[in-house]
Amino acid sequence: MTDQNLAIVVLAAGQGTRMKSATPKLLHPLGGIPIVSHVLATARELDAAHVIAVVRHERDRLAEVIAADLPEAVIVDQDEVPGTGRAVELAVEALPADFTGDVLVVNGDVPLLDAGTLRELIERHRAGEAAATILSSFPADATGYGRIVRTPQGHLDRIVEHKDATEAERSIGEINAGIYLFGLGALRDKLALVSTDNAQGEKYLTDVIGLLREAGFDVDALPVAESWLVEGINDRAQLSDAAAKLNALIVRTWQLAGVTVQDPATTWIDVKAKLAPDVTVLPGTQLRGATVVETGATVGPDTTLTDTEVGEGATVTRTDATLAVIGAGATVGPFSYLRPGTVLGARGKIGTFSETKNAVIGEGTKLAHFNYVGDAEVGEKGNLGAGVITANYDGVNKHRTVIGSHVRISTNTVLVAPVRMGDGAYTGAGTVVRKDVPAGALAITVAPQRNIEGWVAEKRPGTDADRAARESDASEESGA
């Protein structure tokens with residue numbers, strides 16, 4: 001049910017220069033989706049009456065992602081006045097005139113903060129009489145963070161920035177996590193008093209806390225259970241740390257749901273991937289994007305699946321697949337490459353060093369090894385021998401190959417598209433198929449074999465091959 005008394009402000013205007021990237025910080029992928037998408041998902045889970053995202057740097061790119069993830073969000077552009085205080089001020093101005101509830105401020109670069117923790121913050125705030133309630137944490141190293149200074153009674157007294165703190169204050173382990181919940185009236189009043197008279201020339205949201213305390217209002221601070229919940233991402237190292245933590249949580253979630261993950265340390269599963277009970281994931285496996293793995297399937301080792309469907313009981317070994325469908329009971333790999341548009345039927349096989357692309361392969365059909373099948377349709381219960389290739393490109397256009405059911409294509413056959421092979425047809429080894437093959441026919445392009453006697457002696461005299469041939473001839477003449 002929508003919380004009519006809750007508005008969420010997502011701060012997404014920062015440039016993120018420490019990422020040293022052409023990609024905006026909040027659009028860097030984490031678990032298969034942008035950093036900011038995690039924050040938006042949490043906001044959606046809280047079901048607030050209003051969500052406002054404040055943007056500035058690369059605003060169009062961010063706005064596109066925000067609109068796709070959370071269409072109901074209102075996007076507000078930060079003006080030339082810098083600072084989090086100004087961002088929240090603009091967001092408050094965008095709220096409906098009749099809104100009188102609470103305003104939750106979250107940072108777009110804190111992706112691991114979950115809805116459960118924020119619900120605790122909301123409940124704590126609404127159960128008390130504080131004008132604002134913030135999240136705090138106890139990181140292993142508090143250097144650089146604003147410290148939470150409490151009264152003897154345990155209430156928040158003030159927030160002291162690290163550079164302004166005394167030695168005694170720097171010894172405090174509790175820090176400001178940068179997540180705030182305000183009553184709208186108090187927030188609006190104090191934002192109007194925040195100035196840019198500081199070294200950075202910015203309007204700081206933290207100044208609101210100080211103004212509330214000076215005016216005699218209570219401010220509460222709720223410590224989070226784990227400091228990583230509120231850790232922001234500012235550079236690539238922190239992005240890597242967050243990815244490892246998120247992945248560990250995802251893997252454990254699937255393990256508790258009945259999935260066997262043999263080596264969590266080398267298994268990576270994106271947030272949108274779905275696994276059924278009794279799936280087995282072997283070491284070195286990445287399940288990316290919206291990959292789905294059904295009951296009883298085994299994936300890995302050393303396998304990367306992106307937006308791929310794996311059917312019940314299938315086995316996928318040392319394979320790279322993207323936008324592919326692998327049928328129930330099918331076998332893929334090792335060392336197979338399934339490109340987009342590959343559909344392998346139930347109990348089919350794509351084997352060692354085989355590559356497929358935009359190909360529908362029927363139930364029970366086997367591509368055992370060293371095949372390339374692209375832009376093709378292959379029927380049921382066929383067999384493509386080693387080295388079979390569909391030559392789909394004429395240098396200008398791609399063409400399709402259609403192969404019927406129960407077809408047997410012998411080794412080193414090349415099918416030059418566009419071409420069709422009827423049901424039950426065969427080819428001989430080394431055949432180049434350039435025209436359609438009727439059902440039940442055998443296609444061969446074998447020229448008569450010629451043996452040119454004495455070619456080595458004439459063309460390669462004195463070589464090891466020449467000596468071996470002469471010795472063989474001499475042995476045969478002696479009757480040995």
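Modeller: Asn234 counts as partly exposed, because its relative accessibility is 22% (buried is under 20% relative accessible area, exposed over 50%, partly exposed in between, with a 1.4 Å probe and protein chains only). Bear in mind that this is a predicted model, where local features need pLDDT of at least 70, side-chain atom pairs count only at pLDDT 80 or more, and totals for chains, interfaces and linings use all residues. Residues are numbered from 1 along each chain as its sequence is written, and side-chain values use heavy atoms, with hydrogens and water left out.

You'll find Asn234 in the loop that links strand 11 (219-223) to helix 8 (236-256); helices (H or I, at least four residues) and strands (E, at least two) are DSSP runs, numbered from the N terminus. Neighbours within four places in sequence aside, Asn234 is in contact (heavy atoms within 4.5 Å) with Arg18, Met19, Lys25 and Asp109.

That brings in Asp109, which the "binding site" annotation in an unreviewed UniProt entry covers along with Asn234. They span 126 residues in sequence, but no two of their C-alpha atoms are more than 7.7 Å apart, so they gather at one spot. Such annotations may be inferred rather than shown by experiment.

Asp109 lies in the loop between strand 6 (102-107) and helix 4 (115-127). With 14% relative accessibility, Asp109 counts as buried. Setting aside neighbours within four places in sequence, Asp109 is in contact with Lys25, Leu26, Ile35, Glu231, Gly232, Ile233 and Asn234.
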